[in-house]
Amino acid sequence: MFCNACGTENNNSAAYCSACGAKLANNHAPVKSAKASQSTFEKEKAKHDAQTELAQMIYGILKQVEPQTSNYNQIRSIGERMERIKAASAQNDEIPTERKLGYAVIAAAIATIIFFLLCFPSTSDPISAAMAFGPFLIPAAAFYLAYRAAESKKKRRRKKFNNKLAACKEEARPISAKIVANYNSIPDNFISFEYADPGTLYMMYQIVSTGRADTLKEAILYFDELCHRQKMEDIALQQLNVTRQIFDQTIEIRKSLAFIESMSGVMVINTLR
């Protein structure tokens, strides 16, 4: 670098002339700034191009999965039906009345055995013992028969639920086979099966194409976060509805109590008169 004042040659990195001390014009700084700006632009452009390419790849898989949308909807419907059947089966297995009948049978049997041992310790007449034992045996037998009938009814209902679940599985098997076959036929498929349904693919396409994720992993994490947030909002909404119902019931109870209190006061006044 040459000094504009005296013409002395200096190092390119020097800020002042070594001969006259004049300030040197740093012609390399703007170039450096321009290079940095160009590098930032290239990085942003490369990032945008990568996002666009990923979005197009996801969209391509979406288009190959879309023909299976009706099958996915049928599987979802069957799954919801199976959940309802399982819930009903669980309620059937937890019926308290049948458990109480079982306890009653055991208690009646123990009571009758104790009574027989205390009253007839050494009897040799089984007919007389049976006649004396009859009033206690009849309730025990009735409890036992009722318990067995309830258990038999529970088993029939459980068998009915199991048959319904088996029918749902048989209905879902050929539909699932079509979905899996279509998934395996997609060339260069880089998305796992659990995220390869039309709805999830469309959401991930929107996430990537709008710049909310740069990679597939980020798109999946973002989608899972959205699902979790929606689930929490649904739970909060359900709790709000329950709280609102309790609040409404509380208001009605207060109104009823206030009415009863006012009527009681009128009755007291009339009595005093």
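Biologist: Happy to look at this with you! Is K47 buried, partly exposed or exposed, and what is its relative accessible area?

Modeller: This is a predicted model, in which local features need pLDDT of at least 70 and side-chain atom pairs count only at pLDDT 80 or more, while totals for chains, interfaces and linings use all residues. Residues are numbered from 1 along each chain as its sequence is written, and side-chain values use heavy atoms, with hydrogens and water left out. Buried means under 20% relative accessible area, exposed over 50%, and partly exposed in between, with a 1.4 Å probe and protein chains only. K47 therefore counts as partly exposed, its relative accessible area being 39%.

Biologist: Which residue forms a salt bridge with K47?

Modeller: A salt bridge here is a side-chain nitrogen of Lys or Arg within 4 Å of a carboxyl oxygen of Asp or Glu. The closest N and O atoms of K47 and its partner are 3.8 Å apart, and that partner is D214. The pair links distant parts of the chain, 167 residues apart: K47 is in helix α1 (residues 28–65), and in the loop between α5 (198–209) and α6 (216–272) sits D214.

Biologist: Nice. How many salt bridges does this rule give?

Modeller: Besides D214 with K47, E171 and R81 meet at 3.0 Å, N to O. That pair also links distant parts of the chain, with E171 in helix α4 (residues 126–184) and R81 in helix α2, 90 residues apart. The count by this rule comes to 7.

Biologist: How far apart are the end C-alpha atoms of helix α2?

Modeller: Helices are DSSP runs (H or I, at least four residues), numbered from the N terminus. The expected span is 1.5 Å times one less than the number of residues. The 25 residues of α2 (residues 69–93) should therefore span 36 Å, and the distance between the end C-alpha atoms agrees: 36 Å.

How values were computed:
Helix = DSSP H or I, 4+ residues; strand = E, 2+ residues; numbered from the N terminus.
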